Amino acid sequence: MPNPKRGELEIVLGEKKFKGRVTLDVVMRIERQMGKGIVKIAQSLSDAEFTVEQMVGVLTPVIRAGGN
């Protein structure tokens, strides 16, 4: 069971479930890869200006931090 107070979450992709974890290190990696701050990344997502490649760039470190 994921603990949201520890930044843990469950990610469902198709029929597979993955444990994810959002840590400060993960946020820093995402910012570095995208070349912009997390607030601007969130704004791009809410404005529907987010590509699949960018989504993979966000999900990959989150899923890896979850132990997958």
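Visitor: In which element does leucine 45 have its place, and what makes this residue partly exposed?

Guide: Leucine 45 belongs to helix 2 of what is a predicted model. Its relative accessible area is 46%. Since buried means under 20% and exposed means over 50%, the value of 46% falls in between, and leucine 45 is therefore called partly exposed.

Visitor: Which residues does leucine 45 touch, leaving aside those up to four places away in sequence?

Guide: Leucine 45 is in contact with Phe50 and Met55. As for leucine 45 and methionine 55, they stand 10 residues apart along the chain, and 8.9 Å separates their C-alpha atoms.

Visitor: Why is methionine 55 called partly exposed?

Guide: The relative accessibility of methionine 55 is 31%.

Visitor: How far is methionine 55 from alanine 42 in sequence and in space?

Guide: The two are 13 residues apart in sequence, with a C-alpha to C-alpha distance of 11 Å.

Visitor: What makes serine 44 a buried residue?

Guide: Serine 44 is another residue of helix 2. The threshold for buried is a relative accessible area under 20%; serine 44 is at 10%, and therefore it counts as buried. With residues up to four places away left out, its contacts are Lys36, Glu49 and Phe50.

Visitor: Where is alanine 48 found, and is it buried or exposed?

Guide: Alanine 48 lies in the loop that connects helix 2 (38-46) and helix 3. Its relative accessible area is 69%; exposed requires a value over 50%, so alanine 48 is exposed.

Visitor: What is the phi value of alanine 48?

Guide: Phi of alanine 48 is near 60 degrees, which is positive although the residue is not glycine.

Visitor: How do you know that helix 1 and helix 3 are roughly antiparallel?

Guide: The axes of helix 1 (residues 24-34) and helix 3 (residues 52-65) cross at roughly 155 degrees and come within 10 Å. Angles over 145 degrees count as roughly antiparallel, so the two helices are given that description. Their crossing is right-handed.

Visitor: Which residues meet where helix 1 contacts helix 3, and how many of each class are there?

Guide: Helix 1 contributes Val26, Ile30, Gln33 and Met34, and these meet Gln54, Gly57, Val58, Pro61, Val62 and Ala65 of helix 3. By class, this contact comprises 7 nonpolar and 3 polar residues, with no charged ones.

Visitor: Why is leucine 9 said to be partly exposed?

Guide: Leucine 9 is part of strand 1 (residues 8-13). Its relative accessibility of 31% lies between the limits of 20% and 50%, so leucine 9 counts as partly exposed.

Visitor: What does leucine 9 touch, not counting residues up to four places away in sequence?

Guide: Leucine 9 touches Pro2, Phe18, Lys19, Gly20, Val22 and Val62. From methionine 55, leucine 9 is 46 residues away in sequence and 16 Å away in space, C-alpha to C-alpha.

Visitor: What percentage of the 68 residues counts as buried, and what percentage of contacts between residues at least 6 apart joins residues at least 24 apart?

Guide: Of the 68 residues, 25% count as buried. Among contacts between residues at least 6 apart in sequence, 44% join residues at least 24 apart.

Conventions:
Residues are numbered from 1 along each chain as its sequence is written. This is a predicted model: local features need pLDDT of at least 70, side-chain atom pairs count only at pLDDT 80 or more; totals for chains, interfaces and linings use all residues. Side-chain values use heavy atoms; hydrogens and water are left out. Axes are lines fitted to C-alpha atoms, for helices over the stretch in contact, and angles run from 0 to 180 degrees between N-to-C directions. Helices (H or I, at least four residues) and strands (E, at least two) are DSSP runs, numbered from the N terminus. Angles under 35 degrees count as roughly parallel, over 145 as roughly antiparallel, 65 to 115 as roughly perpendicular and the rest as oblique. A crossing is left-handed if the near helix is turned anticlockwise from the far one by less than a right angle, and right-handed if clockwise. Contact means heavy atoms within 4.5 Å. Ala, Val, Leu, Ile, Met, Phe, Trp, Tyr, Cys and Pro count as nonpolar, Asp, Glu, Lys and Arg as charged, and the others, Gly among them, as polar. Buried means under 20% relative accessible area, exposed over 50%, partly exposed in between (1.4 Å probe, protein chains only).
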